[in-house]
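Keep it short and group the points by topic.

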Amino acid sequence: MRKIHAFFVTTADGYYEGPNGEFDWPVVDDEFNELAIEQLDAAGTLMFGRVTYEVMAQYWPTPQALQDDPRVASRMNGHPKIVVSTSLDKPEWENTRLINGNVVEEIKELKDQPGKDVVIMGSSSLTASLVREGLVDEIRIMVNPVILGAGKSLFRTAEERIGLKLLNTRTLRSGNVLLTYEPVTA
């Protein structure tokens, strides 16, 4: 049975996006990229909500991404991808399948298939809804050493409290800290 891991980057004050939608604050260096490659190599499928999918699909297949970060770009483009959306008609990014019907049942079927784990990239609204259904096995949050003071809170769409059990911490030389949690169901 496959597991589902969610991965996010956030500021020390819990924002994934600045007050004007800016995403210029993450500390991305060689060590961060090695961690990204580790996660991508362990993944069999990438999953996104529509908004995150559109951002990723606009960047990773471009010549600029292939030039700036060829190792990550090749993995992002080569992996099978799933976008969960009721408003997207047709995904354009290569190797992408759309889930727009019974999301919970389709995700359960995906987890039951053999293969490497599924990684949700960003997509906090999707993650919160899947945690509520008991479908997310781990939440990985990369806390960046920066405070924005305002912006969009990472789990602002969570409809109820989500308990977490800390499984692991990993401190990077940049000051980034990767926190790995397991959702706790009552």
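Predicted model: local features only at pLDDT ≥ 70, side-chain atom pairs only at ≥ 80, totals over all residues.

Residues are numbered from 1 along each chain as its sequence is written, and side-chain values use heavy atoms, with hydrogens and water left out.

**Helix α1**

- Helices (H or I, at least four residues) and strands (E, at least two) are DSSP runs, numbered from the N terminus.
- Helix α1 covers residues 30-42, which makes 13 residues.
- The expected span of a helix is 1.5 Å times one less than its number of residues.
- For α1 that gives 18 Å, and its end C-alpha atoms are 18 Å apart, so the two agree.
- Asp29 caps the N-terminal end of α1. A side-chain oxygen of Asp29 lies 3.2 Å from the backbone nitrogen of Glu31.
- Buried means under 20% relative accessible area, exposed over 50%, and partly exposed in between (1.4 Å probe, protein chains only).
- The buried residues of α1 are Glu31, Phe32, Asn33, Leu35, Ala36, Ile37, Gln39 and Leu40.

- Helix α6 spans residues 124-132 and includes Ser124.
- Ser124, Leu126, Thr127, Ala128, Leu130 and Val131 are buried in α6.
- Ser124 counts as buried because its relative accessibility is 7%.
- The side chain of Ser124 reaches the backbone oxygen of Leu154 at 2.7 Å. This is a polar contact: a pair of N or O atoms within 3.5 Å; within protein, one must be able to donate a hydrogen and the other to accept it, and residues adjacent in sequence count only if both atoms are side-chain atoms.
- Contact means heavy atoms within 4.5 Å. Neighbours within four places in sequence aside, Ser124 is in contact with Phe8, Tyr16, Leu154, Phe155, Arg156 and Thr157.
- Ser123 lies in the loop between β6 and α6. Its phi is positive, about 60°, although Ser123 is not a glycine.
- Ser123 is buried, with a relative accessible area of 8%.
- Gly134 follows α6 and has a positive phi, near 75°.

**The largest pocket**

- A pocket is found on a 1 Å grid over the protein atoms alone: it is an open set of points where a 1.4 Å probe fits, with protein on both sides within 12 Å along at least five of seven lines; lining residues have an atom within 4 Å of a point.
- The largest pocket has a volume of about 1200 Å³. A volume is the space filled by probe spheres set on the points, which are joined across faces, edges and corners.
- Its lining has 41 residues, and Phe23, Thr52, Val55, Met56 and Gly122 lie nearest the centre.
- Elements that give two or more residues to this lining include β1 (4-11), α2 (50-59), β6 (117-121) and α6.
- α2 gives the most to the lining of the largest pocket, with six residues.
- The lining of the largest pocket divides into 22 nonpolar, twelve polar and seven charged residues. Ala, Val, Leu, Ile, Met, Phe, Trp, Tyr, Cys and Pro count as nonpolar, Asp, Glu, Lys and Arg as charged, and the others, Gly among them, as polar.

**The second largest pocket**

- The second largest pocket holds about 180 Å³ of space.
- It is lined by 14 residues, with Leu35, Glu38, Gln39, Arg140 and Leu178 nearest its centre.
- At least two lining residues each come from α1, β6, β9 (163-171) and β10 (177-184).
- α1 supplies the largest share of this lining, four residues.
- Five residues of this lining are nonpolar, five polar and four charged.

**Loop residues**

- His79 lies in the loop between α4 and β4. At a relative accessible area of 13%, His79 is buried.
- The side chain of His79 reaches the backbone oxygen of Leu40 at 2.6 Å.
- Neighbours within four places in sequence aside, His79 is in contact with Leu40, Ala43, Leu46 and Asn95.
- Asn95 lies in the loop between β4 and β5. It is partly exposed, at 38% relative accessibility.
- Asn95 has a positive phi, near 65°, in a residue other than glycine.
- Asp89 is found in the loop between β4 (81-84) and β5 (96-99). Asp89 counts as exposed, at 75% relative accessibility.
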